[in-house]
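Me: I would like to go through one structure by question and answer. Keep it brisk, please.

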Amino acid sequence: MRSMSRVVAWLALFLLVDAGVYLATAREYTGGPLIAATAVAFAYVAVVLRAIVRRAAREQEDEPSKEVGGVVLDHVGPTIWPAGFAVAAILLALGAAEARWVLVPGAIVFAAAAVGWVLDIRHQHSAHGPAGGQEESLSPGSTRPGS
């Protein structure tokens, strides 16, 4: 987040210089103030991001370390189906904008990607058992059943 605030601050500075050059060289006076307003908006975002980073760092320093046992969350492995959703979105957008007949293949690809993703997730969960093959413990002293 700190690097993001720096990037946004540099963009604000660039836009401010760009607004000055534009006002000095252009023969119209609408674009310069708009670029300057964008620079001010980027500067504001940079200041807000910097404040968020500082507040988070301060809270992390003030907060004592609370160690709770190893909580293992279920995580679904990588899958190809989000790419199917991207293709479906492109087809649906083209169908809505240009050719209505493209909506039907877009809807078919969308439905296939949805079904494929759900089946893939169900297969991954069933392969690892009900808890993903790993025990969840919420307290430091808890033990696994049967150990």
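Reply: A term comes first. Buried means under 20% relative accessible area, exposed means over 50%, and partly exposed lies in between, with a 1.4 Å probe and protein chains only. This is a predicted model, in which local features need pLDDT of at least 70, side-chain atom pairs count only at pLDDT 80 or more, and totals for chains, interfaces and linings use all residues. Residues are numbered from 1 along each chain as its sequence is written, and side-chain values use heavy atoms, with hydrogens and water left out.

Me: Which elements make up the protein chain, and in what order from the N terminus?

Reply: Elements are DSSP runs numbered from the N terminus: helices are H or I with at least four residues, strands are E with at least two. The protein chain has four helices and zero strands. From the N terminus on, the order is α-α-α-α.

Me: What share of the contacts in the protein chain between residues at least 6 apart joins residues at least 24 apart?

Reply: Contact means heavy atoms within 4.5 Å. Of the contacts between residues at least 6 apart in sequence, those joining residues at least 24 apart come to 63%.

Me: How much of the accessible area of the protein chain comes from carbon and sulfur atoms?

Reply: Areas come from the Shrake-Rupley method with a 1.4 Å probe; for residues, only the protein chains shown count as cover. Buried residues are 16% of the 147 in the protein chain. The protein chain exposes about 11300 Å², and the carbon and sulfur share is 67%.

Me: Which element gives the most to the nonpolar patch?

Reply: Patch residues have over 30% relative accessible area and no salt bridge; nonpolar side chains (Val, Leu, Ile, Met, Phe, Trp, Tyr) are joined within 5 Å, like charges within 9 Å. A salt bridge is a side-chain nitrogen of Lys or Arg within 4 Å of a carboxyl oxygen of Asp or Glu. The patch covers about 740 Å², and Met-1, Met-4, Val-7, Leu-11, Tyr-44, Val-45, Val-48 and Ile-52 make it; α1 (2–25) and α2 (31–62) each give two or more residues. With four residues, the top contributor is α2.

Me: Is Val-7 buried or partly exposed, and at what relative accessible area?

Reply: Val-7 sits in helix α1. Val-7 counts as partly exposed because its relative accessible area is 45%.

Me: Which element gives the most to the positive patch?

Reply: Lys and Arg count as positive, Asp and Glu as negative; His and the chain ends are not counted. A charge is placed at NZ of Lys, CZ of Arg, CG of Asp or CD of Glu. Arg-2, Arg-6, Arg-50, Arg-54, Arg-55 and Arg-58 form this patch. α1 supplies at least two of its residues, but the most, four, come from α2.

Me: Which residues does Ser-5 contact beyond its neighbours within four places in sequence?

Reply: Ser-5 lies in helix α1. Ser-5 is buried because its relative accessibility is 7%. Beyond those neighbours, its contacts are Ala-46, Leu-49 and Arg-50.

Me: How far apart are the C-alpha atoms of Leu-49 and Arg-2?

Reply: Leu-49 is in helix α2 and is buried, at 14%. Its contacts beyond four places are Met-1, Met-4, Ser-5 and Val-8. Arg-2 belongs to helix α1. Along the chain the pair is 47 residues apart, but the C-alpha separation is 7.5 Å.

Me: How far is Leu-94 from Gly-106, C-alpha to C-alpha?

Reply: Leu-94 lies in helix α3 (residues 81–97) and is partly exposed, at 45%. Not counting residues up to four places away, Leu-94 touches Ala-99 and Val-102. Gly-106 is 12 residues away in sequence, and the distance in space is 8.9 Å.
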